[in-house]
Amino acid sequence: MQLYECEGKQLFQQYGIPVPKGVVISSKESALDSTSFPVVVKPQVLVGGRGKAGGIRFADNIDDLQRSVRELMDSSIKGVIIQRLLIEEKARPTKEIYLSMATDRNSAGSLIMASPIGGVDIEEVKESIITVHVNPFLGLQPYMTRGLVSSLKLEKKTADQLSGLIQKMYKLYSEMDALLVEINPLAVLNDGSLLALDSKVSIDDYCVARHPQLKEMGRPSTSFGERLAELGITGTELDGEIAIVASGAGCLMATLDQIVRYGGMARACVDLGGTIFNMETFPKTIHACLEAIRDLRPSVILLNAFFQLADCQAFAKAVIDSMRNASREVPTVVRLKGRFDDQVGRILSQGTMVSHTTSFTDACRMVVEKARRTS
Amino acid sequence: MAIVVDEMSRVLIQGITGNVGREFAGRMIEDETPLVAGVTPGKGQQKIEGIPVFNSVMEAVHDEKADVSLIVVPGPFARDAVFEAIDAGIRKIVVYAEGVPVLDSIRIVNYAKLNGALVFGPNSAGVISPGKCNLSDINNKFIKPGRLGIVSRSGTLSYEIFDGISHFGLGVSTLCCLGGDMITGATFSDILRLFEEDSDTDSVILIGEIGGQGESKAAEVIRSMKKKVFAYVAGVSAPPGRRMGHAGAIVGETTETASHKLETLKNAGADCASTVEDLIKLIGREATKK
C-alpha cells in the first residue's frame with residue numbers, strides 16, 4: 001500500500017524525522033490566511049513526476065497561492081484527479097541528498113541507499129548510489145550507518161544528524177512493516193540541519209491491518225482496483241475489450257498471453273486468488289467482482305478456472321446466479337475444468353449469452369472471436 | 001527416485017488441526033502419501049484420522065522421525081513455524097501459507113540458507129511426486145506419473161501444463177511450485193540442479209513469470225545441464241508496472257520482463273515458448289520424435 005506524501009510525512013514526524021511546516025487542504029475554499037511565505041504547493045497524488053508535469057507550484061504571496069490552489073485543485077495530473085494539496089514553507093537547501101530503505105528481492109534482504117545527488121530521478125544517477133545491505137538478523141548496526149554517512153562527505157554536524165536520522169528511518173521501516181521509505185530530496189539547510197522535503201512510503205499489504213493509523217491512509221486511485229481489493233481480489237484495468245477473470249495469477253497471465261496471441265486485447269485482468277477456497281462466501285464475492293467488471297463495459301468476459309479440488313458445479317451455479325442478477329448483460333465465456341466439469345454445461349445452459357468449454361485454448365479463441373463480432 | 005519428496009519421505013503437517021490442515025491430511029491418507037505426524041501447539045495427544053498430533057516439531061521428529069514439513073498455518077504464524085521446523089532438524093519445508101509478511105519471508109529465506117534447508121514458498125502450491133508423495137493442492141487423479149520434471153512459480157499455471165502434456169501420454173516425475181510472492185525460498189536454480197541429478201527425470205519444464213531475476217539466474221544452470229529444458233515465461237503481454245495477481249509478478253527493471261527472460265533462457269539452450277499452447281506443442285513434438 002502506497003502512502004501519500006503528506007501521510008508519509010506524518011509518520012516521519014512521529015518518528016522524529018524533520019519535515020517542513022505545512023497544511024493539507026482538500027477544497028478550493030479552504031482558509032489560507034495563516035500561511036507564511038514563500039510556500040510550495042504540492043498535489044497529493046500517487047503518480048511520479050509531478051514536478052516535470054508542472055504540478056508543483058511556488059507562491060510568494062496570498063494571491064499567487066490562491067491562484068495555484070484554484071488551478072490545481074480538482075484538475076488532473078497524469079490522469080489522476082487532484083483532491084488534496086500540501087502547502088509547505090519553502091525550504092532553502094544548500095545541498096540535496098537521496099536516502100532510502102527498501103526490501104530487495106534479489107538479495108532477499110533490506111538495503112539502505114544514499115546518494116550525494118538528491119532532488120532528481122534516482123534512476124538517472126544510478127552510479128552515484130551507495131548501497132548498504134542490512135542483514136535481517138542483525139538489523140541496523142552502527143558500522144553500516146558509519147560507512148554510508150562517511151561516503152557522503154558531509155560536515156560533522158550534518159553527518160551526526162544523518163546518522164541519527166537513518167536510525168529513526170530504520171525504526172519506522174521495521175515497526176511500520178514498510179517495503180520502501182524514500183526521502184528524495186533530503187535537504188541540508190544553511191545551519192547544517194536536515195529536512196525531508198518529500199516522502200515516499202510503501203507498506204506491506206499483508207501488514208496494513210496491524211496498524212490502526214493506516215486505516216484511512218493510501219486509498220488506491222482507481223475505483224476498480226479498490227472495489228476488488230475490498231473483496232480480497234487483485235485486478236487491473238486496461239483499455240481493450242476482453243475482461244479476463246482467472247483462478248490464479250499464473251493462469252491469468254497465461255490467459256492474457258494467449259488472448260493477445262489470438263489478436264485480442266484485455267479490458268481488465270482479475271485474479272480470484274484464494275477467494276475460491278471459501279465456497280460459502282464465494283457466490284457473493286464473484287457477483288460483486290463481476291459487477292465491478294461489468295461497470296467497465298467490456299465487450300465480453302472470460303472466466304478461466306482449472307480447479308484441482310473444488311467442485312466445478314458450485315462455481316458454475318455462482319456464475320449463473322450472478323448473470324441472472326447482472327446490472328448489465330455482457331456475453332460471457334466460461335472455461336471450467338476440474339471435478340464434475342461434465343455437469344457444468346447443463347448448469348450454464350440455464351443462462352443466456354454464456355458459452356462454455358473445458359479447453360483453455362478454445363475458450364481464448366471463442367472470446368477473441370466474440371469480441372471481434374461485437375465491435 | 002524423484003526429487004525432494006518420494007515414498008520414503010516422512011511427512012509432517014504443521015497446522016494439522018485447522019480446516020486446511022485437516023483437508024490436506026484426509027487427502028494425503030487417500031493418496032497414500034506417507035503422512036506420519038501433525039503439529040498444533042496445545043493440541044498434542046489428539047489424533048487426526050489416526051495420525052498423531054504433537055505440541056512441537058521437536059516431538060514429531062523425535063517420535064515419528066518426520067523429515068519434511070507442510071506448513072498450513074495462517075500467514076502471520078508461518079515464520080515461527082519455519083524457524084521451529086528448521087531448529088528441530090527438518091531440512092525440507094513447503095510453506096503453503098499465504099499472506100506472509102515480506103519481512104518474515106526475508107528472515108525465512110535467510111535462515112533456511114544459513115541452515116542448508118530447502119524452503120518452498122511462501123504462497124507455494126506445494127511439491128508432488130505423482131504416485132509417491134503429494135504435498136500440494138494438486139489432485140492426484142489429475143496428474144500422471146512420468147519422467148518430466150516441472151518447476152513453476154505458479155500453481156494454477158502448472159495445472160495447465162501437466163494436463164496439456166498428458167494428452168501426449170507424458171507424465172511428471174516431480175512438480176515443484178516456488179510460490180508467487182516477492183521473496184521466496186527455493187529457486188529455479190536449486191530445483192534444476194536437483195532434476196539434473198535425478199535418475200527418474202529425463203527433461204525439465206520451467207514455468208516462469210514476470211518480475212524478479214530467478215529465471216535469468218537459472219539460465220546459468222541450464223547452460224551446464226545435459227538434460228533438455230523447456231521454458232515458458234508468463235506475462236509477455238502483461239502491462240508494465242502493474243501487479244498481475246502474484247505480489248511477485250511485477251516488473252522492477254527491464255531485465256524482469258517475460259520477453260527478456262525468454263531471450264536469456266533461449267541463449268542458455270532452453271527450448272522456449274511464449275504461450276501455453278506453443279509450449280505444449282513444443283513438448284509434444286519432442287516426445288513424438290523419439
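Biologist: Which residue forms a salt bridge with Asp271(B), and how far apart are the closest N and O atoms?

Modeller: The partner is Lys228(B), with 3.2 Å between the closest N and O atoms. Asp271(B) sits in strand β14 (residues 271-273) of chain B and Lys228(B) in strand β13 (residues 228-234) of chain B, so the bridge ties together parts 43 residues apart in sequence. A salt bridge here is a side-chain nitrogen of Lys or Arg within 4 Å of a carboxyl oxygen of Asp or Glu. Helices (H or I, at least four residues) and strands (E, at least two) are DSSP runs, numbered from the N terminus.

This is a predicted model: local features need pLDDT of at least 70, side-chain atom pairs count only at pLDDT 80 or more, and totals for chains, interfaces and linings use all residues. Residues are numbered from 1 along each chain as its sequence is written, chains are lettered from A and ligands numbered from 1 in the order in which they are written, and side-chain values use heavy atoms, without hydrogens and water.

Both partners are partly exposed: Asp271(B) at 23% relative accessibility, Lys228(B) at 31%. On this scale buried means under 20% relative accessible area, exposed over 50%, and partly exposed in between (1.4 Å probe, protein chains only).

Now the wider setting. The whole structure has 36 salt bridges over all chains. Side chains of opposite charge can pair when their charged atoms come close.

Some of these pairs cross between chains. The rule finds 4 salt bridges across the interface of chain B and chain A. Asp278(B) meets Arg261(A) at 2.6 Å, N to O. Asp278(B) is in helix α9 (residues 276-289) of chain B and Arg261(A) in helix α6 (residues 249-261) of chain A, so this pair joins two chains. Asp278(B) is partly exposed at 25%, and Arg261(A) is partly exposed at 39%. Glu160(B) forms a salt bridge with Arg335(A), with 2.4 Å between the closest N and O atoms.

Other pairs stay within chain A. Arg373(A) and Glu369(A) meet at 3.8 Å, N to O. They are 4 residues apart in helix α10 (residues 360-374) of chain A, so about one helical turn separates them. Arg373(A) is exposed at 60%, while Glu369(A) is partly exposed at 34%. Chain A also holds a network of salt bridges that links Glu5(A), Lys9(A), Lys42(A), Arg50(A), Glu88(A) and Asp198(A).
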